[in-house]
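Biologist: Can you put the model up? I'd like to go through it with you.

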Amino acid sequence: MTGTTALVVATGIFVATYIAIMTEKVNRAVIAILGAAIMIFAGVQSQADAFKGIDLNTIFLLVGMMVIVAIARQSGVFQFLAIWSAKKVGGRPWPILVVLAVVTAVLSALLDNVTTVLLVAPVTMLIADALKVSAYPFLFAQIFACNIGGAATLIGDPPNILIGSAVGLSFMDFVVHLAPVTVVIFLATLLPLYLIWGRKMKVEEEDRERIMEFREADAISDRALLWKSIAVLGAVIAGFIVAHSLHLEPAIIALTGAVVLLWWSGKDFHHTFGEVEWVTIFFFVGLFMLVHGLEKAGLLGILAGQLADLTRGNLFLAGMVIMWGSAVFSALVDNIPFVAAMIPIIKGMGPSFGGDEAIRPLWWALALGACLGGNGSVIGASANLIVAGFAERAGQPIRFLPFMLLAFPLMLFSIAIASLYWWLRYA
Amino acid sequence: MKARDIMTSNAVVLDRNQSVRDALRIVAAHRLHDLPVVDEAGRIVGMLSTFDLLRQALPSYIVSGDLKDVAFAPDLSTVYERLEEMGKRPVSEVMTTDFERVSPETTVLEAATLLFRRGHRTHNAAVVDGEGRLVGVIGLWDILKQMDSLRDLPYGGGAR
């Protein structure tokens, strides 16, 4: 199959797959793999071509980090951090909200967002119960914190992993270009939250004291495992930092850390590998094959040309279109397939702008837009859905519209700050 | 052997309109884990399960397993508040509708397997006829009583 037919067939399969993913009726990994398989059966690309599209650096980086976290979390270190910080601020509700958001943001920058909220949100709800206050403001702040923190590093959020791996950007590139603005955005986001909730938060003295009765040391269930986990996680992050200068890719560092911790901790192999989120992994595999098919059929090249024409080689305009477009898009649909498709498009814009080096700022625009955009609605990011699930079960559901009424403007506010930063630094 | 051969046929039953507090007195008096709840026509509508009451008193994030270890936490007053509040409600609002139903013709092997698979959630299965009327209860004790020397035990599924 060649030319226009391939283009139409590939686009049709991709759009249908995309819609099927958005309806969330069937598991997204199943849909993505099925779409990719249909593309091969239809003759858009061969299996060998499709497999070339699979970015194994992304896949194994994710698997490696998932294994490390699956083991490290058993030590109770994440609960320890949450409780310790809540006590440090004397059990007062607004400062607790702030420190728990800081813990969430920092952990999200170093681990994946879903794991972070999975560990911090239940402790948060326990703390809110002990304080006899609503957990909603705390959970709301944590959703924002995890998506903002995730935007700060290469490994913080899947869009960044995708971009970093495809473009060959290093861990330190992300830290240098994205971390400063995420700190500003984080602090700026707390201000409206303080005005809405913080200044009205009042608790009884006895409830405040109950927080001080928490024994954070008892949260550590396995001291030996704690130190082994910290050692391996620290070594892996140090490895990410020096990887680029040693011509190493992040995936091999994460995988090495994973097997070392697996062997050192003596944890069960079957059980630990079972904790890897295979749905996410196979979703990526399917998407990579789909996007490669689109690229091969020529659609992404055409879109790249149109986006270059539209912005007439103006870097500022291109950056703003990409950032704001990604933000609004990511708020409403999964940002992973969007970013996967955007990467070849932006790469294709390189020649019109004068080479790969010239379009580098566009990657930061894409990363900021896609990661921060996830804050715009409950369905904007997987971590949001996890938190919403907790809240739902606790009888304080995070409803779609009320959440969006506050979250969407707040997300646009963060994108405005990101735009200002981007303009000052790159345009 | 069939369920009908070993079930407790004159089982104590609860009225769905009585308060949980009053109902639990009856459950406790018979040293049972759960008792069937019936409507005016004698049809089974639910089971008051002590395990399920505990589930309802605990915070959702503990029940869901998201927070497995709470060794670091102080006692939580909301649990007592919830228990207190629960006691005032009618049985119909807190009973579980997720329990095993067997027919009088079900084999004891099958009934025992169903109860075993269920774990702690309910220790008794309701034995119902074709119209959904409760004809007996078959519980762990009804099965363990099959040991020779225990046949004379006064209660299995809670005899009146």
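**Loops, helices and the contact**

Modeller: Start at A:Glu204, which lies in the loop between α10 (171–196) and α11 (205–212) of chain A. Helices here are DSSP runs of H or I with at least four residues, strands are runs of E with at least two, and both are numbered from the N terminus. This is a predicted model, where local features need pLDDT of at least 70, side-chain atom pairs count only at pLDDT 80 or more, and totals for chains, interfaces and linings use all residues. Residues are numbered from 1 along each chain as its sequence is written, while chains are lettered from A and ligands numbered from 1 in the order in which they are written.

Biologist: Is A:Glu204 buried or exposed?

Modeller: A:Glu204 counts as exposed, because it has 10 C-beta neighbours inside 10 Å. The cut-offs: buried is 20 or more other C-beta atoms within 10 Å of a residue's own, exposed is 12 or fewer, and partly exposed is in between, with C-beta atoms placed from the backbone.

Biologist: Zoom out. How many helices and strands does chain A have?

Modeller: Chain A has 21 helices and zero strands. Buried residues make up 50% of its 427 residues.

Biologist: And what is the radius of gyration of chain A?

Modeller: It is 22 Å, which agrees with the value near 22 Å for a compact globule of 427 residues. The radius is taken over C-alpha atoms, and the globule rule is 2.2 Å times the number of residues to the power 0.38. Along the principal axes, the C-alpha atoms of chain A fill a box of roughly 75 × 50 × 45 Å.

Biologist: Helix packing next. At what angle do α18 and α19 of chain A pack?

Modeller: About 170°, for α18 (residues 335–353) and α19 (residues 360–373) of chain A, with their axes 11 Å apart. That makes α18(A) roughly antiparallel to α19(A). Angles under 35 degrees count as roughly parallel, over 145 as roughly antiparallel, 65 to 115 as roughly perpendicular and the rest as oblique. Axes are lines fitted to C-alpha atoms, for helices over the stretch in contact, and angles run from 0 to 180 degrees between N-to-C directions.

Biologist: Which residues meet there, in α18(A) and α19(A)?

Modeller: Among them are A:Phe338 and A:Met342 in α18(A), and A:Trp363 and A:Leu366 in α19(A). Contact means C-beta atoms, placed from the backbone, within 7 Å. By class, this contact has eight nonpolar, two polar and no charged residues. Ala, Val, Leu, Ile, Met, Phe, Trp, Tyr, Cys and Pro count as nonpolar, Asp, Glu, Lys and Arg as charged, and the others, Gly among them, as polar.

Biologist: What about α4 and α9 of chain A?

Modeller: α4 (residues 56–72) and α9 (residues 158–167) of chain A pack at about 140°, with axes 9 Å apart. That makes α4(A) oblique to α9(A). The residues that meet include A:Leu61 in α4(A) and A:Ile161 in α9(A).

Biologist: Last topic. How many residues does the contact take from chain A and from chain B?

Modeller: The contact takes 20 residues from chain A and 13 from chain B. On the chain A side, α5 (77–88), α7 (113–131) and α20 (382–393) each give two or more. The largest share, six residues, comes from α7(A). That side has 10 nonpolar, three polar and seven charged residues.

Technical notes: Two residues are in contact if their C-beta atoms, placed from the backbone, lie within 7 Å.
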